[in-house]
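Trainee: Please take me through this chain. I want each label set against its definition.

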Amino acid sequence: MFVDQVSVYVKAGDGGNGLTAYRREIYVPKGGPAGGDGGNGGDVVFKVDEGLNTLMDFRYNRHYKAKRGENGMSKNKHGKNADSLVIAVPPGTTVKDEETGEVIADLTYHQQEAVIAKGGRGGRGNTRFATARNPAPELSENGEPGQERTIKVELKVIADVGLVGFPSVGKSTLLSVISAAKPKIADYHFTTLTPNLGVVETGDQRSFVIADLPGLIEGAHEGVGLGDQFLRHIERTRVILHVVDMAATEGRDPYEDLVTINQELEAYDPKLMERPQIIVANKIDMPGAKENLQKFKAKLNDGYSVYPISAVTKEGLDEALFAVADMLDRIPEVSPDPEEDIGEQVVYRHQKKEEPFRITRDPDGAFVLAGARIEKLFKMTDFTKDEAVQRFARQLREMGVDDALRKRGAKDGDTIRLLDTAFEFMD
């Protein structure tokens, strides 16, 4: 089964908790703090494996969670960092954040890696908080929560040449003749339900990868037929090989077929019209095909190369394949948009600074605090230690939470909620 689009939940590992501990060796009075830091949580990493050609594995596993870091230990021992969770994906995989639509990674070549969710930092042990004023702190941090997000994983098949055209114009037959691929062939629409890849070798030992994409019809970019599911695969191709039924076996005008398909490509992505196109006039061995070819060429604009072929009798195939190979030699390989390339090159984008906290009201009158920064501070605070609670209160005051609550009308004794915990406001 071919799977090329799936929604997946990923959760990086939380950092290990720091430890509150003290030296207890004999003959060492007042030995001081000795609590170690927690280890870092594991990242969730996507890595390209050129042996894969589908997102099939994601069909059966939609949740991926990396391991958390090890907790800190006594005698200042650092907890072990967790290993990254590495997930193999096929070349041509694009990863987007489902909530924001941001492109996280565009993975195109073998062994390329991208961090999809970042693991949390390990919490600090009480040794880290020792000062001259407080040489033996009763204070340590919990580990930082790992990043979690729901992502949309898309596969765009990487092929040099994309076969496009109406259903039943002979694309699958052509692919089966010029390569070792064995696509399903039948005389009804939408026989091809998934992209089929084949490797073509010309008579002069040049080779290229060709993809037979499911038939497009009018309205494909809006979801009509199967086109909207597979138009994305054309984005990766360097040359578009347009197959036209020159015998008009289904009563359509060949030129109108060409115009309609190109309109669908342009509606999906105007950049596709900049790709070089070669037209193969298929079924030229059938009655009326040669007369239709003359009319077709008369209507055609300059700039298109037309090669009459018959996929059944193999007439004209060599000439058409040489033309494709020549064109591939002249044009560069298609690379992803540099704005979307998050592989080895780091792309910096301006991001609006997020508010440290937000205040809302519940129907029962309680004040609700929310925000990534304040929630992270809350999760990293060990509320079993008085010093940690006091530090958390100081952090909120420095962030301006107390003043903001007073401005919203909070009074002594009011309930303040943060995540699943309720506090009492003390003015």
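Mentor: What follows takes the labels one by one.

Mentor: This is a predicted model, so local features need pLDDT of at least 70, side-chain atom pairs count only at pLDDT 80 or more, and totals for chains, interfaces and linings use all residues. Residues are numbered from 1 along each chain as its sequence is written, and side-chain values use heavy atoms, with hydrogens and water left out.

Trainee: What is the mean pLDDT of the chain?

Mentor: The mean is 82, and 85% of the residues reach 70 or more. pLDDT is the predictor's confidence in each residue, from 0 to 100.

Trainee: Where does pLDDT stay under 50?

Mentor: Over residues 219-227 and over residues 335-350. Beyond four places in sequence, the model has 21 contacts for residues 219-227 and 27 for residues 335-350. Contact means heavy atoms within 4.5 Å.

Trainee: How many helices and strands are in the chain?

Mentor: Nine helices and 18 strands. Both are DSSP runs, numbered from the N terminus: helices are H or I with at least four residues, strands are E with at least two.

Trainee: What makes β10 and β14 edge strands?

Mentor: Start with their sheet. It is open, has six strands and mixed pairing, and runs β10-β11-β9-β12-β13-β14. β10 (196-201) and β14 (305-308) each pair on one side only. Two strands pair if DSSP finds at least two bridges between them.

Trainee: How do you know that β13 and β14 pair?

Mentor: Four bridges join β13 (residues 277-282) and β14, in the parallel sense. The definition asks for at least two, so they pair. Isoleucine 278 has serine 305 in β14 as its bridge partner.

Trainee: Which helix lies across β12, β13 and β14?

Mentor: Helix α5 (residues 289-299), at about 175 degrees to β14. Helix α4 (residues 254-268) lies across β9 (161-164), β12 (239-245) and β13, at about 145 degrees to β12. Axes are lines fitted to C-alpha atoms, for helices over the stretch in contact; angles run from 0 to 180 degrees between N-to-C directions.

Trainee: Why are β4 and β7 at the edges?

Mentor: Their sheet is open, with three strands in the order β4-β2-β7 and mixed pairing. β4 (85-89) and β7 (113-117) each have a single partner strand, so one side of each lacks a neighbour in the sheet. The twist averages 30 degrees from one strand to the next. Strand β2 (residues 44-48) runs parallel to β4, with five bridges between them. Valine 45 stands opposite valine 86 in β4.

Trainee: Why is aspartate 97 called buried?

Mentor: Its relative accessible area is 9%. Buried means under 20%, exposed over 50%, partly exposed in between (1.4 Å probe, protein chains only). So aspartate 97 is buried. Aspartate 97 lies in strand β5 (residues 93-97). Not counting residues up to four places away in sequence, aspartate 97 touches Glu102, Ile104, Arg149 and Thr150. Its side chain reaches the backbone nitrogen of glutamate 99 at 2.8 Å.

Trainee: Is serine 172 buried or exposed?

Mentor: Buried: its relative accessible area is 10%, so serine 172 falls under the limit. Serine 172 sits in helix α2 (residues 171-178). An unreviewed UniProt entry lists Ser172 and Thr192 for "binding site". Such annotations may be inferred rather than shown by experiment; the positions use the numbering used here, and feature names are shortened.

Trainee: What share of the chain is buried?

Mentor: Buried residues make up 48% of the 427 residues.

Technical notes
Polar contact = N/O pair within 3.5 Å; in protein donor to acceptor, adjacent residues only side chain to side chain.
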